[in-house]
Amino acid sequence: MTARAKVAGKTPTTIDNANVTVVGGAGHVGIPLVLALAEAGLRVNVNDLNRQSLETLKSGRLPFIEYGAEDALTRALASGRLVFTDTPAQISRSGPVIITIGTPVDEFLNPVRQVVQDCIDELLPSLADGQLVVMRSTVFPGTTDWLAGYLREKGRKLQVAFCPERVVQGYGLKELRAMPQIVSGATPDAEQEAARLFGQIAPEVVTVTPLEAEFAKLFANAYRYIEFAATNEFYLIAQSAGIDYGRVLAAMKHNYPRAASIPRPGFAAGPCLVKDTMQLSAFARNQFGLGHAALLINEGLVLHVIDNLRRRFDLGNMTVGLLGMAFKAEIDDVRASLSYKFKKALSGHARAVLTTDPFVTSDPEIRPLDEVVAGSDILILCTPHAAYAKADLRGKPVVDVWGHLSGANVIR
Ligand SMILES: NC(=O)c1ccc[n+]([C@@H]2O[C@H](COP(=O)([O-])OP(=O)(O)OC[C@H]3O[C@@H](n4cnc5c(N)ncnc54)[C@H](O)[C@@H]3O)[C@@H](O)[C@H]2O)c1
């Protein structure tokens, strides 16, 4: 018996009585949003093509780490507020439909609008005129107005809004409760309805035009990516001067608010930062100099570390252990993780490469930490998971760009 069925006297949510549909509702952006909407008292249709993730959710578990979400999922299931559907034909025809599907760039780093078009084309027969379609996925500038025009040309009277997701992965539910929502609509009606919807889950709503909202999302991520590149380049310069950048950074930041936001150096990647920087570059006809420089620095840092190791050690006769395969600390997501760039690049130079991560469950080659430490001649801290700061690395030399570890064996 499901948690939902146990609640006597509650009418379970169906696609007919749902207040809102989230397409891509079992994804990283979709799940926290679904739960935030359910917490606000809405009946939510969780629509996703990934049946396995839907089954996991139905059983009260999460398909990936999302801090604080398990309790919210239990409550949402118990209250009967969720209905799960797995085809575009099964979406609610009454409330707004929020789209949170992945929006990738292609192998030439150009945005792929076709993904949005295909999704809309599939949903169209199930959408009722007058319904609000909210794009939540990150999109290329102009996509919202294009979508409104596309639907008009097809003779459909749908409202279109763009309300970008800005949460940091793993902490979405917490941030949704605390952060303002940027809301835009292709028409005043669309903007108003979207503002009403997001006003139910957010402390504040900021309204702008669709193009402004699209740029706000891309600028924010590109800026973050450039910030990481700036600190990474400072790290490289400090290293070439033979000094410890961590000490310089600490001195710069000490009681000095203007330097407080400078991030520590590290391997900056993941499914959003590079992609969004490249979408902006595509819009700027590839004239986004800072964005391209950031890409060179952040991606190049991996190769720089490997070159340094090759100069100092006989890597061809050594096994290298990679600590952390997730793209950032304390999560299990390996999408676009630079740890895999390390693994690939090192496979041509080292005798063997071993990998470990306390969170990642999707990679069968990952081994327990103890085994990797014991079997490696040298270690690289790829992801600064908190547990590594206290781990027994048996005095093995360990490369730590992040400034996360201490000890005589640490190579900065
Ligand atoms: N991950 C983040 O922290 C984050 C933060 C802000 C914005 N974004 C943006 O949000 C969007 C989604 O990212 P994500 O990380 O959640 O991706 P994801 O791959 O984790 O989730 C997307 C979900 O959509 C589903 N899906 C794909 N096509 C579908 C379709 N036609 N119908 C129904 N379901 C479909 C997939 O099965 C998947 O569950 C992207 O545009 C991303 O750039 C992500």
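Predicted model: local features only at pLDDT ≥ 70, side-chain atom pairs only at ≥ 80, totals over all residues.
User: Strand 9, then. Is it mostly covered or uncovered?

Analyst: Strand 9, residues 319-323, is mostly covered, with five of its five residues buried. Buried means under 20% relative accessible area, exposed means over 50%, and partly exposed lies in between (1.4 Å probe, protein chains only). Strands (E, at least two residues) and helices (H or I, at least four) are DSSP runs, numbered from the N terminus.

User: Which residues point which way from strand 9?

Analyst: Thr319, Gly321 and Leu323 point one way, while Val320 and Leu322 point the other way; all are buried.

User: How many bridges join strand 9 to strand 10?

Analyst: Five bridges join strand 9 to strand 10 (residues 352-356), and the two run parallel. Two strands pair if DSSP finds at least two bridges between them. Leu323 stands opposite Thr356 of strand 10.

User: And how many bridges link strand 9 with strand 11?

Analyst: Strand 9 pairs with strand 11 (residues 378-381) in the parallel sense over four bridges. Ile380 in strand 11 is the bridge partner of Leu322.

User: What unit do strand 9, helix 13 and strand 10 make?

Analyst: Together with helix 13 (residues 338-346), strands 9 and 10 make a right-handed β-α-β unit. A crossover is right-handed if, with the strands pointing away from the viewer, the path from the first strand over the helix to the second runs clockwise.

User: Which residues does Glu365 contact?

Analyst: Leaving aside neighbours within four places in sequence, Glu365 is in contact (heavy atoms within 4.5 Å) with Lys343 and Thr355. The side chains of Glu365 and Lys343 make a polar contact of 2.5 Å. A polar contact is a pair of N or O atoms within 3.5 Å; within protein, one must be able to donate a hydrogen and the other to accept it, and residues adjacent in sequence count only if both atoms are side-chain atoms. Glu365 and Thr355 are ten residues apart in sequence and 7.0 Å apart in space, C-alpha to C-alpha.

User: What about Asp333: buried or exposed?

Analyst: Asp333 is buried, because its relative accessible area is 6%. Asp333 has its place in the loop between strand 9 and helix 13. Its side chain and that of Gln169 are joined by a polar contact of 2.3 Å. Leaving aside neighbours within four places in sequence, the contacts of Asp333 include His28, Pro271 and Phe327.

User: Changing topic: where is the kink in helix 12?

Analyst: Helix 12 has a kink of about 40°, centred on Leu301. The bend at a residue is the angle between axes fitted to the seven residues ending there and the seven starting there.

User: What span should helix 12 have?

Analyst: At 1.5 Å a residue, the 24 residues of helix 12 (residues 289-312) should span 34 Å, and its end C-alpha atoms are 33 Å apart, which agrees. The expected span is 1.5 Å times one less than the number of residues.

User: Which parts do the buried residues of helix 12 pack against?

Analyst: They pack against helix 9 (210-240), helix 11 (273-283), helix 13, strand 11 and strand 12 (398-399). Among the buried residues of helix 12 are Gly291, Leu301 and Leu309.

User: Last one: where is Thr103, and what does its side chain reach?

Analyst: Thr103 is found in the loop between strand 4 (97-99) and helix 5 (114-123). Its side chain reaches the backbone oxygen of Thr138 at 2.7 Å. Thr103 is buried, with a relative accessible area of 9%.

Technical notes. Residues numbered from 1 in each chain as written. Heavy atoms only, no water.
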